[in-house]
Amino acid sequence: MSEISKGMSRRDLLAMVGFAAGASAMYSAMSGMGYAAPSTYTGPIKLEGDPKGASVLILGAGLAGMTAALELRNAGYKVQVLEYREKAGGRCWTLRGGDVYTELGGFKQEVKFAEGNYLNPGPWRIPSDHYAVLDYCKRFGVKLEPFVQQNYNAYLHSTEAFGGKPQRFKEIQSDYRGQIAELLAKAVNQSKLDELVNDEDAELLVESLKRYGVLNDDLAYVKSDATSTYRGWEKDPGGGVGAAPVASDIISLKDILQGRLWNDLITGESIDHQAAIFEPVGGMDMIAQGFEKEVKDLITYNAKVIKIEGGDTGVTATYVDANGGTEEKPSARITASAPSRSRFWARSTTTSVPI
């Protein structure tokens with residue numbers, strides 16, 4: 001608490017929650033703080049009011065900055081955008097084979113992905129209730145495809161679990177669910193929950209747990225054809241001679257608990273990750289490119305702002321070449337017909353609309 005009172009940012013706090021308790025806990029914290037909720041967007045933005053020659057300066061051509069530039073220009077404002085990097089998009093960017101990126105501190109990363117492969121270092125999925133993003137994608141012709149959040153054949157991995165050997169999602173999920181169901185079913189059957197459920201509900205609960213946990217008639221989750229239908233087979237069923245399947249071994253509940261891979265089992269069930277969610281075809285920066293086509297003529301790239309001066313009648317931002325230049329270049333002075341009409345929009349290059 002003392003760290004928070006000394007100025008911990010919300011982003012740092014949420015990152016700590018995520019590291020300590022996982023993505024689902026972080027999302028719950030974001031929801032509680034009001035940062036993760038369905039969009040209230042109902043259609044194209046229609047700004048009202050006569051700007052009367054007012055100008056707007058936007059720092060950062062991230063998605064938020066470009067959205068502001070697009071809509072304010074449409075409303076009649078004179079707009080200028082200063083972007084620190086050589087391209088627009090802010091956090092919404094994609095790395096592909098052949099790209100070279102120099103990190104803070106001078107570390108250079110050379111991307112050697114095969115053709116068609118890419119990595120989204122920032123946002124990488126669009127929930128179905130992010131209506132504004134989906135609308136802009138439609139308007140800009142950005143093609144979308146389903147994003148598979150929960151892949152049962154994917155691997156869960158921790159260097160501290162199972163000797164560092166990855167485990168299939170479906171194996172951990174099925175075995176964890178089955179053995180938890182077994183414990184609960186046996187507790188109910190041994191009348192240990194009589195104070196919580198009546199006889200009729202207890203009978204229905206045991207019946208449901210047998211189905212949910214794939215338990216046998218002894219209320220046990222064991223190696224069998226039934227459990228292998230969910231967790232996967234040692235040898236898959238086939239056709240012809242020797243086609244009979246071989247059931248797979250079960251991971252013990254103790255190993256699953258100590259491995260802590262259960263942390264990620266319900267991430268795909270949170271509201272923000274439930275199907276259907278989407279991603280742009282070809283990489284997340286396709287959204288940034290869609291915006292950039294609309295407002296590219298307003299953007300000055302490689303512009304490192306070093307000074308901002310303002311007064312009653314306007315604002316001037318001074319910048320230099322972000323690649324190491326020293327020549328100071330003042331942006332066009334942001335003025336208006338009256339002091340109250342002057343506008344200055346400061347946007348970080350890492351700011352973007354929620355994705």
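In strand β11, Glu279 is the bridge partner of Glu145. Strand β11 covers residues 277–280, and strand β8 covers residues 144–146. Helices (H or I, at least four residues) and strands (E, at least two) are DSSP runs, numbered from the N terminus. The model is predicted: local features need pLDDT of at least 70, side-chain atom pairs count only at pLDDT 80 or more, and totals for chains, interfaces and linings use all residues. Residues are numbered from 1 along each chain as its sequence is written, and side-chain values use heavy atoms, with hydrogens and water left out.

Strands β8 and β11 pair in the antiparallel sense over 3 bridges; two strands pair if DSSP finds at least two bridges between them. Pro146 stands opposite Phe278 of β11. Strand β7, made up of residues 126–127, also pairs with β11 in the antiparallel sense, over 2 bridges. Here Pro127 faces Ile277 of β11. Together the 3 strands form an open sheet with antiparallel pairing, in the order β7-β11-β8. Strands β7 and β8 are the edge strands, each pairing on one side only.

Strands β7 and β11 are also among the elements that cover the buried residues of helix α10. Helix α10 spans residues 285–295, and its buried residues are Asp285, Ile287, Ala288, Gly290, Phe291, Glu292 and Val295. Buried means under 20% relative accessible area, exposed means over 50%, and partly exposed lies in between (1.4 Å probe, protein chains only).

Over the whole chain, the secondary structure comes to 10 helices and 17 strands. The chain has 355 residues, of which 36% count as buried. Among contacts between residues at least 6 apart in sequence, 60% join residues at least 24 apart; contact means heavy atoms within 4.5 Å.

UniProt, in an unreviewed entry, lists residues 52–70 as "transmembrane region". UniProt positions are given in the numbering used here, feature names are shortened, and annotations may be inferred rather than shown by experiment. In the model, the chain over residues 52–70 is 42% helix and 26% strand, and the end C-alpha atoms are 18 Å apart.

A search of the whole structure finds 0 disulfides, a disulfide being a pair of cysteine sulfur atoms within 2.5 Å. Cys92 is in no disulfide, and the nearest cysteine sulfur, that of Cys137, is 8.7 Å away. For Cys137, the closest cysteine sulfur is in Cys92, and the distance of 8.7 Å is too far for a bond. Cys92 counts as buried because its relative accessibility is 0%. Cys137, at 1% relative accessibility, also counts as buried.

Several loop residues were examined individually. Leu219 has its place in the loop between α7 (199–213) and α8 (225–231). Phi of Leu219 is near 60°, a positive value in a residue other than glycine. With a relative accessibility of 6%, Leu219 counts as buried. Asn302, in the loop between β12 and β13 (303–310), likewise has a positive phi, near 55°, and is a residue other than glycine.

Ser270 is located in the loop between α9 (253–259) and β11. Its relative accessibility is 14%, so Ser270 counts as buried. The side chain of Ser270 reaches the backbone oxygen of Thr267 at 3.1 Å. This is a polar contact, defined as a pair of N or O atoms within 3.5 Å; within protein, one must be able to donate a hydrogen and the other to accept it, and residues adjacent in sequence count only if both atoms are side-chain atoms.

Val246 belongs to the loop between α8 and α9. This residue is partly exposed, with a relative accessible area of 37%. Not counting residues up to four places away in sequence, Val246 touches Trp233, Glu234 and Lys235. The C-alpha atoms of Val246 and Asp225 are separated by 7.7 Å, the two residues being 21 residues apart along the chain.
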